[in-house]
Amino acid sequence: MSTLFKVGLTRDFLTPDGKLTYKDIGLNLLDAESSIQHGFFERHEPTVVADQLRDLDAVISLAPRYTAESLRGVERLIAIVRFGVGYDMVDVAACTRTDVLLCITTGAVNHSVAEATITWMLALSHRVFVKDRLTREGRWAERALHTGTELRDRTLGVVGIGGIGGRLVEMLRGFGMKPPLAFDPYTSAQRATELGVTLVSLERLLKESDFVSINCPLNDQTRNLIGRDHLALMKPGAFLINTARGGIVNEEALIETLRERRIAGAAVDVFASEPVKSGHPLAQLDNVILAPHCIAWTDELFRDIGQMACRITVAISKGEIPPGVINRDVLERKGFQAKLARRRAHS
């Protein structure tokens, strides 16, 4: 077996004509390592197939799915490094069974997603899109009917107070809002105190918040976490913002709630099924702002994610345990330990 550490990047990092879609994804960090050889997959598959992985030590992956079948017969692969923090597209148990480490770029998205959430909070509360339409359509006289509200003295409720939720709370401190509320069964009282948030039940958060920001991962515990009955608890003047994953908020229930104007509005970046086709029911409503799962995409975001993904990959190539490990059980498996030992021997 070659001593080179072979890294594959999924084809969706490239445009159809083979150029990088994003300005900087940290490839200079891989270029600087003489022991690393990297290249892009020859073709894009929505679900990665085993033939694309068999000759690789690691893969840096953007959007494709990984199933048990993707990893069948793949013996060399040490790690899948997700370009981002979501990993609902990866069969974690299958990774562990096949001695493959799954890593995410923890922390790299925090600033961008938090800033995008604030952008939406301001756009919703100040009715930016309504006022834009009034001007474009010559409806100047109607402006007094569409006054907005400030963030000042309002309450933010964060569902999931991890890295993104915590950064959001920190960035909002200068807006004069009331102390924020948070629902997160996995967050300690100490972290809540450090952030200045009050941990409450989901029901209380929905009842008392003027803005509800979804910032938790999608998994078996959070799928349809917020349904029709939960949405009914929200204030008539409240806004819901989801930058996390479609499926955490029941989409049909949200559409019904917005259509009947039981809440003031919503901003949605993620959907139950993606990509969204033309004519989606949410797109027919005037009290919702939509984005195609990219509201937080910035040059800085891709730079930061790319650099972290490549640093993780370099660490693994040297037989080190990197940050951002999801399936920590794999660290105790003899098969994975043997793979890592071979890399240490070559570093």
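**Aromatic pairs, backbone features and overall form**

F13, Y22, F83, W297 and F302 form one aromatic cluster. The model is a predicted one. Ring centres within 6.5 Å count as a pair. By this rule there are six aromatic pairs. In one of these, the ring centres of Y22 and F302 lie 3.8 Å apart, with the planes at 10°. That angle falls under the 30 degrees set for stacking, so the Y22 and F302 pair is stacked. Y22 sits in the loop between β1 (5–9) and α1 (27–31), whereas F302 belongs to helix α10 (residues 299–317). The pair therefore ties together parts that are 280 residues apart in sequence. Y22 and F302 are both buried.

A stacked arrangement is also found for F211 and F239, because their ring centres are 5.5 Å apart and their planes meet at 20°. Here the two partners come from strands. F211 is in β9 (residues 211–214) and F239 is in β10 (residues 239–242).

The peptide bond leading from E274 to P275 is cis, and its omega is near 0°. P275 is placed in the loop between β11 (265–268) and β12 (288–290). For D99, phi is near 60°, although the residue is not a glycine. D99 lies in the loop that runs between α2 (92–97) and β5 (101–104). The relative accessible area of D99 is 13%. Buried means under 20%, so D99 is classed as buried. R261, likewise not a glycine, has a positive phi of about 55°. The loop between α9 (251–259) and β11 holds R261.

Helix α9 also contains T257. With a relative accessible area of 0%, T257 is buried. Beyond its neighbours within four places in sequence, T257 is in contact with L231, R262 and I263.

At the level of the whole chain, eleven helices and twelve strands are present. The chain has 347 residues, for which a compact globule would have a radius of gyration near 20 Å. The computed value is 22 Å, which agrees with that expectation. Along the principal axes, the C-alpha atoms fill a box of roughly 75 × 50 × 35 Å. Of the 347 residues, 49% are buried. Among contacts with a separation of 6 or more, 64% join residues 24 or more positions apart.

The accessible surface of the chain amounts to about 17000 Å². Carbon and sulfur atoms account for 51% of this surface. The chain carries 43 positive and 42 negative charges.

Conventions
Residues are numbered from 1 along each chain as its sequence is written. This is a predicted model: local features need pLDDT of at least 70, side-chain atom pairs count only at pLDDT 80 or more; totals for chains, interfaces and linings use all residues. Side-chain values use heavy atoms; hydrogens and water are left out. Rings of Phe, Tyr and Trp (its six-membered ring) pair if their centres lie within 6.5 Å; planes under 30 degrees apart count as stacked, over 60 as edge-to-face and the rest as tilted. Helices (H or I, at least four residues) and strands (E, at least two) are DSSP runs, numbered from the N terminus. Buried means under 20% relative accessible area, exposed over 50%, partly exposed in between (1.4 Å probe, protein chains only). The radius of gyration is taken over C-alpha atoms; the globule rule is 2.2 Å times the number of residues to the power 0.38. Contact means heavy atoms within 4.5 Å. Accessible areas come from the Shrake-Rupley method with a 1.4 Å probe; for residues, only the protein chains shown count as cover. Lys and Arg count as positive and Asp and Glu as negative; His and the chain ends are not counted. The place of a charge is taken as NZ of Lys, CZ of Arg, CG of Asp or CD of Glu.
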